[in-house]
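Have a look at the structure first, then read on.

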Amino acid sequence: MARVTAGVFTSHVPAIGAAIDQGRTTQPYWAPLFEGYEPSRQWARENPADVILLVYNDHATVFTLDVVPTFAIGTAARFEPADEGWGARPVPVVHGHPELASHIVQSVIGEDFDLTVVNRMAVDHGLTVPLSLMFGQPDAWPCPVIPVAVNVLQYPVPSGRRCLALGQAIGRAIASFPADLRVQVWGTGGMSHQLQGPRAGLINREFDQAFLDRITVDPAAAAAIDHVEYVREAGSEAIELIMWLIARGAMPARPSGQSPRCVHRFYHVPASNTAVGHLILMP
Ligand code: DHB
Ligand code: FE
């Protein structure tokens with residue numbers, strides 16, 4: 001059977017992708033950030049996945065206000081890097097896993113969750129920047145990736161509780177897939193940031209550190225944070241953190257009720273307008 005072998009959580013700032021693509025990772029502004037991901041790249045080499053289920057948000061690149069699916073899953077065999085206005089990032093095409101993705105669709109919709117099935121789409125920085133952070137600049141990504149896109153742009157957005165419950169349903173779907181696959185679940189976005197208005201540039205280190213604690217040891221408490229609290233405490237774009245809850249929910253509960261093992265934790269301010277947070281958890 002397939003099994004979830006790790007949860008990876010990380011911010012997905014577009015400027016990080018530009019720094020990698022333009023060879024600026026050792027510049028003084030960026031070096032401390034990329035040093036924080038060196039243990040992660042080492043861990044990724046030592047702990048390969050057969051498939052990554054990557055929860056991210058599209059930034060009005062594919063899902064403009066014309067179509068706003070709350071939860072969407074990519075069932076295609078390949079996903080091209082999107083052109084977000086400066087040309088597509090020079091990164092490998094993302095290969096999907098149509099069989100596992102279709103199984104998740106069947107199982108999760110069977111449990112009364114409404115997933116939008118997407119058979120063709122491009123993927124933006126929300127998906128490709130985390131791959132670059134964890135894998136560097138390979139000629140091909142090391143394994144297939146199933147994109148799960150969440151609406152965090154247009155209100156109403158889903159609650160943290162709903163995201164955790166969807167993650168748990170995805171976890172059950174993965175555990176019932178009859179092939180021996182090591183599946184990693186990744187949640188991207190956040191942490192505190194606000195990109196517009198009088199509070200642009202807002203960062204809340206205390207909120208972020210408490211969120212890193214809670215998502216590790218008490219995901220139900222992290223799921224209880226409501227939208228107003230995200231916006232008030234950590235800025236309007238901190239709502240991206242609800243995507244971490246889907247990945248966390250998909251991790252298997254330990255029989256003893258213990259928390260997963262935290263293999264790596266990193267926090268850095270600033271990267272563009274964002275506080276960067278990163279966790280690697282293993283069941
Ligand atoms: C920035 C951060 C994001 O999460 C994003 O999607 C776009 C921009 C930023 O800090 O610049
Ligand atoms: Fe974003």
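Which residue caps the N-terminal end of H5? Asp124 does, with a side-chain oxygen 2.9 Å from the backbone nitrogen of Gly126.

Before going further, some ground rules. This is a predicted model, where local features need pLDDT of at least 70, side-chain atom pairs count only at pLDDT 80 or more, and totals for chains, interfaces and linings use all residues. Residues are numbered from 1 along each chain as its sequence is written, chains are lettered from A and ligands numbered from 1 in the order in which they are written, and side-chain values use heavy atoms, with hydrogens and water left out.

**Helix H5**

Helices and strands here are DSSP runs numbered from the N terminus (H or I, at least four residues, for helices; E, at least two, for strands). Buried means under 20% relative accessible area, exposed means over 50%, and partly exposed is in between (1.4 Å probe, protein chains only). Among the buried residues of H5 are His125, Thr128, Pro130 and Met134. Just after H5, Gly136 takes a positive phi of about 75 degrees.

**The iron site**

Three residues coordinate the iron ion (ligand 2): His12 through NE2, His59 through NE2 and Glu240 through OE, at 2.0 to 2.2 Å. Donors are N, O and S atoms within 2.8 Å of the metal (3.2 Å for Na, K and Ca), and since water is not among the atoms, sites may look incomplete. Along the chain, the donors of the iron ion follow the spacing H-x46-H-x180-E. The two histidines link distant parts of the chain, 47 residues apart: His12 is in the loop between strand S1 (3-10) and helix H1 (14-21), and His59 is in the loop between strand S2 (51-56) and strand S3 (71-74). His12 is buried at 4% relative accessible area, while His59 is partly exposed at 23%.

What sits around ligand 1? The residues there include the iron donors His12, His59 and Glu240, along with others such as His125, His193, Ser272 and Asn273. A residue is listed if one of its heavy atoms lies within 4 Å of the ligand. The polar contacts in the table are pairs of N or O atoms within 3.5 Å; within protein, one must be able to donate a hydrogen and the other to accept it, and residues adjacent in sequence count only if both atoms are side-chain atoms.

| Residue | Polar atom | Distance to an oxygen atom of ligand 1 |
|---|---|---|
| His125 | side chain | 2.9 Å |
| Ser272 | side chain | 2.6 Å |
| Asn273 | backbone | 3.0 Å |

The protein covers 88% of the 290 Å² of accessible area that ligand 1 has on its own. Accessible areas come from the Shrake-Rupley method with a 1.4 Å probe, and for residues only the protein chains shown count as cover.

His193 is found in the loop between S8 and H7 and is buried, at 5% relative accessible area. A polar atom of the His193 side chain lies 2.9 Å from the backbone oxygen of Met191. Leaving aside neighbours within four places in sequence, His193 is in contact (heavy atoms within 4.5 Å) with residues including Leu202, Ser236, Glu240 and Asn273.

Most residues other than glycine have a negative phi, and most peptide bonds are trans. Ser272 has a positive phi of about 55 degrees and is partly exposed at 36%. Asp112 has phi near 80 degrees and counts as exposed, at 62%. The peptide bond from Gly190 to Met191 is cis, with omega about -10 degrees, and the one from Tyr155 to Pro156 is cis too, with omega near 5 degrees.

**The cores**

A nonpolar core is a set of buried Ala, Val, Leu, Ile, Met, Phe, Trp, Tyr and Cys residues joined through side-chain atoms within 4.5 Å. The largest has 56 residues, and Ile104, Val108, Ile170, Phe211, Tyr230 and Trp244 touch the most other members. Beyond its neighbours within four places in sequence, Ile170 is in contact with Leu53, Ile104, Val108, Ile246 and Ala250. Apart from that core lies another, of 27 residues, among them Ala44, Ile52, Val123 and Leu131.
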